[in-house]
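Hi everyone, thanks for making time for this. Have a look at the sequence and the structure on the screen, and then I'll walk you through a few spots.

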Amino acid sequence: MRILGIDPGLATTGFGVIDVESHDLSYVASGTIRTTGIALGDLPGRLKILFEGVREVVATYQPQCASVEIVFVNVNPQSTLLLGQARGAAITGLVSCDLPVTEYTALQMKKAVVGHGHASKAQIQAMVMRLLRLPSQPSQDAADALGLAITHAHAAKSFAALGQATEVNRRTHAQYRGGRIY
């Protein structure tokens, strides 16, 4: 299975692609999608670059599924809103390519990769480098994206086992009019 991890950001969105075969993880690619060439005030232009960049990564590496970091709330509400829009552009790019998307918090990713939820960026980079046997450390954004892919590689096995053991139903307590579920 090929997994694409996405660490969304308005200026820099990290991506990481890994292959999973049985218990073996193999590095395929990683990098960043940058919107820094667009004026800070041109939000629609930046979101378009993120959307198209994610679609290009999907077309290039052909993953079977994707994992995306869930936005955390910043002290600055405006930053949280902008990050949420960047995340929305990335997810829209993924689902427009018919990829199933799974979401993980930063805490879940840190626990899966490093072993504790308060790991530093440097610790994530070092563990990703070790787990994927990379010759050098990836950038922070790429390391987070690779960490999300690794998290999904481990969690997908559990989800599959649960799906076989019990019937998995979508949440209904937050259902919105018209059948949309939030």
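So, at what angle do helix α1 and helix α2 pack, and how far apart are their axes? Before I answer, some housekeeping. This is a predicted model, so local features need pLDDT of at least 70 and side-chain atom pairs count only at pLDDT 80 or more, while totals for chains, interfaces and linings use all residues. Residues are numbered from 1 along each chain as its sequence is written, and side-chain values use heavy atoms, with hydrogens and water left out.

Now the answer: α1 (residues 43–61) and α2 (residues 77–95) pack at an angle of about 35°, with axes 8 Å apart. Helices here are DSSP runs of H or I with at least four residues, strands are runs of E with at least two, and both are numbered from the N terminus. The axes are lines fitted to C-alpha atoms over the stretch in contact, and angles run from 0 to 180 degrees between N-to-C directions. Contact, by the way, means heavy atoms within 4.5 Å. On the α1 side, the contact includes Leu47, Leu50 and Val54, and on the α2 side Ala86, Ala89 and Gly93 are among the residues involved. By class, the contact residues divide into 11 nonpolar, 3 polar and 1 charged. Nonpolar here covers Ala, Val, Leu, Ile, Met, Phe, Trp, Tyr, Cys and Pro; Asp, Glu, Lys and Arg are charged; the others, Gly among them, are polar.

Leu50 also turns up among the residues touched by Thr13, which lies in strand β2 (residues 12–21). Thr13 is buried, with a relative accessible area of 1%; buried means under 20%, exposed over 50%, partly exposed in between, with a 1.4 Å probe and protein chains only. A polar atom of the Thr13 side chain lies 2.7 Å from the backbone oxygen of Gly9.

Next, Ser67, in strand β4 (residues 65–69). Ser67 is buried too, at 0% relative accessible area, and touches Ile3, Tyr104 and His152, among others.

Finally, Arg2 in strand β1 (residues 2–7). Is Arg2 buried or partly exposed? At 22% relative accessibility, Arg2 counts as partly exposed. Its contacts include Val17, Asp19 and Tyr61. The C-alpha atoms of Arg2 and Tyr61 are 8.5 Å apart, although 59 residues separate them along the chain.

That's my tour, and I'm happy to take questions.

Definitions and conventions. Polar contact = N/O pair within 3.5 Å; in protein donor to acceptor, adjacent residues only side chain to side chain. Lists of a residue's contacts leave out its neighbours within four places in sequence.
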